[in-house]
Amino acid sequence: METRHRVAVLALEGVPPFELGIPSRVFGNAYGPGGRKLYEVVVCTADGRPVTSDAGFTVGVTAGPEALETADTVIVPPTHAMDELLEGGPLPEHLSAALARIRPGTRLVSICTGSHVLAAAGLLDGRPATTHWVDAERFRRAFPRVKLDEDVLFVDDGDLLTSAGVAAGVDLCLHLIRHDHGSAVANLTARLCVVPPWRDGGQAQYIERPVPEPTVATTSAARAWAMDRLDTPLTLAELAAQAGMSLRTFTRRFRDEVGMTPVQWLTAQRLELARQLLETSDLPVDLVAHRSGFGSGNSLRQHMRAAFGVSPIAYRRTFQAREAVGV
């Protein structure tokens with residue numbers, strides 16, 4: 001019987017229920033061929049005892065710290081009951097002992113202020129990371145050795161991944177599924193969870209006016225129009241016309257709603273389409289570039305190297321290698 005990737009979620013005292021449930025919900029909806037579940041998710045605590053959520057109810061678990069010893073990925077959701085830790089205080093002895101059980105090479109992930117736990121354990125020293133923007137200054141004071149970037153949704157540093165709050169935790173889990181099994185599986189998982197399939201980790205955490213007033217026109221229609229035409233050249237003037245706005249108003253409102261410029265957003269959508277085509281087809285690179293709106297293979301190569309550090313051919317080869325071994 002094929003072994004599933006094992007995810008251990010470490011529930012701490014004062015954990016928010018929503019963030020605690022994200023890994024089980026997202027990874028639990030990731031399916032391979034024939035409806036095979038790709039992940040096994042277990043929720044554990046540092047001492048095997050129940051913890052109290054920040055909503056006031058008790059979270060009972062079936063596993064203790066021993067679950068961390070066999071995990072391929074360990075996820076640490078936030079806590080709202082360990083203020084001394086958020087100020088840079090030492091880890092409680094039982095939590096430190098639990099984290100010491102994690103095998104070398106295990107993928108470590110935090111959601112929101114779960115990053116404080118990893119930082120307090122010294123695991124983020126010298127590494128790039130993020131946390132919820134509200135706690136950024138406190139985090140920076142408490143853990144000056146961490147290369148904090150509070151302006152992004154999540155940071156992927158290989159074996160250490162950190163995310164901002166709430167929805168960014170969903171984004172990060174989908175990112176991990178996409179890394180492990182490709183865009184098709186991640187997109188299906190997102191559909192089953194009824195969430196957006198992809199938001200770039202570098203997207204801004206905090207958008208000043210994310211929800212427009214009911215009487216204010218939005219750029220959503222222009223974005224939907226553009227998504228159906230990614231293979232064609234699109235100008236800002238055309239997008240603004242679809243939204244019924246002046247170019248200046250459209251550009252400003254687009255950034256307010258999406259957190260990036262129209263050009264940045266278009267490039268991100270085209271890169272995602274190119275990745276899907278590389279993963280799910282054997283189309284030549286030049287044709288992938290044309291269908292994703294980059295025009296030429298050289299342009300696609302430049303954009304993929306800038307965004308992902310690999311060429312289209314190398315990306316396809318890596319994905320196919322993962323598929324071959326059933327990763």
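Reader: At what angle do α8 and helix α11 pack in this structure?
Author: This is a predicted model, in which local features need pLDDT of at least 70, side-chain atom pairs count only at pLDDT 80 or more, and totals for chains, interfaces and linings use all residues. Residues are numbered from 1 along each chain as its sequence is written, and side-chain values use heavy atoms, without hydrogens and water. Helices are DSSP runs (H or I, at least four residues) numbered from the N terminus, and axes are lines fitted to C-alpha atoms over the stretch in contact, with angles from 0 to 180 degrees between N-to-C directions. The axes of α8 and α11 (residues 262-280) are 11 Å apart, and the packing angle is about 35 degrees.

Reader: Which residues of α8 and α11 make the contact?
Author: Contact means heavy atoms within 4.5 Å. From α11 come Trp265, Leu266 and Gln269, and from α8 come Arg223, Ala226 and Met227.

Reader: Is Thr219 buried or exposed?
Author: Thr219 lies in the loop between α7 (183-193) and α8 (220-227). Among the residues that Thr219 touches are Phe250 and Phe254. Its relative accessible area is 0%, and buried means under 20%, exposed over 50%, partly exposed in between (1.4 Å probe, protein chains only). Thr219 is therefore buried.

Reader: How many disulfides does a search of the whole structure find?
Author: A disulfide is a pair of cysteine sulfur atoms within 2.5 Å. The sulfur of Cys112 is too far for a bond, because the closest cysteine sulfur, in Cys173, is 13 Å away. For Cys193, the nearest cysteine sulfur is that of Cys173, at 9.4 Å. The number of disulfides found in the whole structure is zero.

Key. Helices (H or I, at least four residues) and strands (E, at least two) are DSSP runs, numbered from the N terminus. Lists of a residue's contacts leave out its neighbours within four places in sequence.
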